[in-house]
Amino acid sequence: MVSSTPSYLFLLVIFLLSFFVPDNVSGAHRETNKNANQISQDSQERRNHPYFDKSASKNVTALLGKTAYLNCRVKSLGNKTVSWVRHRDIHLLTVGRYTYTSDQRFRAVHQPHSEDWTLQVKYPQHRDTGIYECQISTTPHMSHYVHLNVVEPMTDIVGAPDLYIDHGSTINLTCVIKYSPEPPAYIFWNHNDAIISYDSPRGGVNVLTEKGETTVSFLLLQKARPTDTGRYQCNPSNAQPKAVMVHVLNGEYPAAMQHGGEAQLRVSQKYSLLICVCFFLLVK
């Protein structure tokens with residue numbers, strides 16, 4: 001007959017060891033389960049409650065007078081509604097797909113089955129700059145703030161309002177367009193209200209344009225002559241024009257130049273040299 005003593009001893013050892021399991025081990029196990037349950041509960045609540053998709057609800061910079069769109073993307077909206085409120089005067093603008101303001105420049109835009117609730121602002125003005133609040137009709141309501149910045153591009157010509165150029169030198173007119181949300185689609189130059197033709201019989205006419213956050217257009221006229229004297233105007237597609245008076249000199253130095261034109265002439269000559277070098281490197 002086989003003795004069962006070893007089996008009893010093994011069970012007794014297991015029973016005794018159970019009393020010596022460290023509390024931190026069992027506690028860590030309980031904490032892990034608690035965290036897992038919390039994550040699962042949070043995920044469930046997130047699926048059941050609306051929330052903002054902030055990656056698609058960003059601040060907007062708009063061009064003065066050009067329609068702006070402020071977007072608010074809401075996930076899991078359910079039976080709640082989305083409203084837009086102008087923050088500076090707590091003025092209710094839209095609720096759902098309906099517009100609640102007498103200012104007809106504002107309109108609610110929403111496509112069926114879409115998560116995007118958009119506030120359209122037609123002909124935005126400087127006074128429209130500020131914070132707009134996208135609200136969800138929860139209790140208490142949820143809010144996401146979108147900042148609208150209405151900007152007006154600025155056009156400037158280096159050395160304006162007058163430039164003095166020596167006869168036979170290169171005329172370089174530098175037009176700078178700043179504070180534009182997007183580069184101008186085109187820029188054209190006028191001389192005495194006539195559009196400058198780059199293939200005119202005069203020859204030696206070139207335009208270089210570098211587009212970016214700040215757009216710069218260079219008008220180059222080689223071998224300046226008296227007929228080049230006059231009013232030149234830079235006309236960007238998305239900004240106000242800017243003009244400069246160019247005086248081609250034939251050895252004379254008028255009083256206006258002596259009292260301040262010399263600094264402008266030096267600036268113009270420096271830019272002319274720089275642009276000429278860049279131009280010849282490009283065409284080389």
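Predicted model: local features only at pLDDT ≥ 70, side-chain atom pairs only at ≥ 80, totals over all residues.
A search of the whole structure returned two cavities of 30 Å³ or more. The second largest cavity holds about 30 Å³ of space, and its lining is formed by Val 82, Trp 84, Thr 94, Gly 96, Ala 108, Val 109, Trp 117 and Thr 118. Three strands, namely E4 (82-86), E7 (106-109) and E8 (116-121), each contribute at least two residues to the lining of this second largest cavity. When the lining residues of the second largest cavity are sorted by class, five are nonpolar and three are polar, and no charged residue is found among them.

The largest pocket has a volume of about 160 Å³. The residues that line the largest pocket are His 191, Ala 194, Ile 195, Ile 196, Ser 197, Ser 200, Arg 202, Val 205, Leu 221, Thr 227, Asp 228 and Tyr 232. By class, six residues of the lining of the largest pocket are nonpolar, four are polar and two are charged. Arg 202 and Asp 228, both of which belong to the pocket lining, are joined to one another by a salt bridge between their side chains, with an N to O distance of 2.7 Å. Because Asp 228 is located in the loop between strand E17 (215-221) and strand E18 (230-236), and Arg 202 in the loop between strand E15 (194-195) and strand E16 (205-210), the pair ties together parts that are 26 residues apart in sequence. Asp 228 counts as buried, since its relative accessibility is 5%.

In total, nine salt bridges were counted in the model. One of these is formed by the side chains of Arg 73 and Asp 53, at 4.0 Å from N to O. This pair links distant parts of the chain, with Arg 73 in strand E3 (residues 68-75) and Asp 53 in the loop between strand E1 (51-52) and strand E2 (60-63), 20 residues apart. Arg 73 has a relative accessibility of 26% and is therefore classed as partly exposed, whereas Asp 53, with a relative accessibility of 17%, is classed as buried. Arg 73 and Asp 53 also take part, together with Asp 116, in a network of salt bridges.

A further salt bridge connects the side chains of Asp 89 and Arg 86, with an N to O distance of 2.8 Å. Within this pair, Asp 89 is partly exposed, its relative accessible area being 35%, while Arg 86 counts as buried at a relative accessibility of 10%.

Methods
Residues numbered from 1 in each chain as written. Heavy atoms only, no water. 1 Å grid on protein atoms, 1.4 Å probe; cavity = no way out; pocket = protein on both sides within 12 Å on 5 of 7 lines; lining within 4 Å. Points joined across faces, edges and corners; volume = space filled by probe spheres on them. Helix = DSSP H or I, 4+ residues; strand = E, 2+ residues; numbered from the N terminus. Nonpolar A, V, L, I, M, F, W, Y, C, P; charged D, E, K, R; others polar. Buried < 20%, exposed > 50% of the residue type's maximum accessible area, 1.4 Å probe, protein only.
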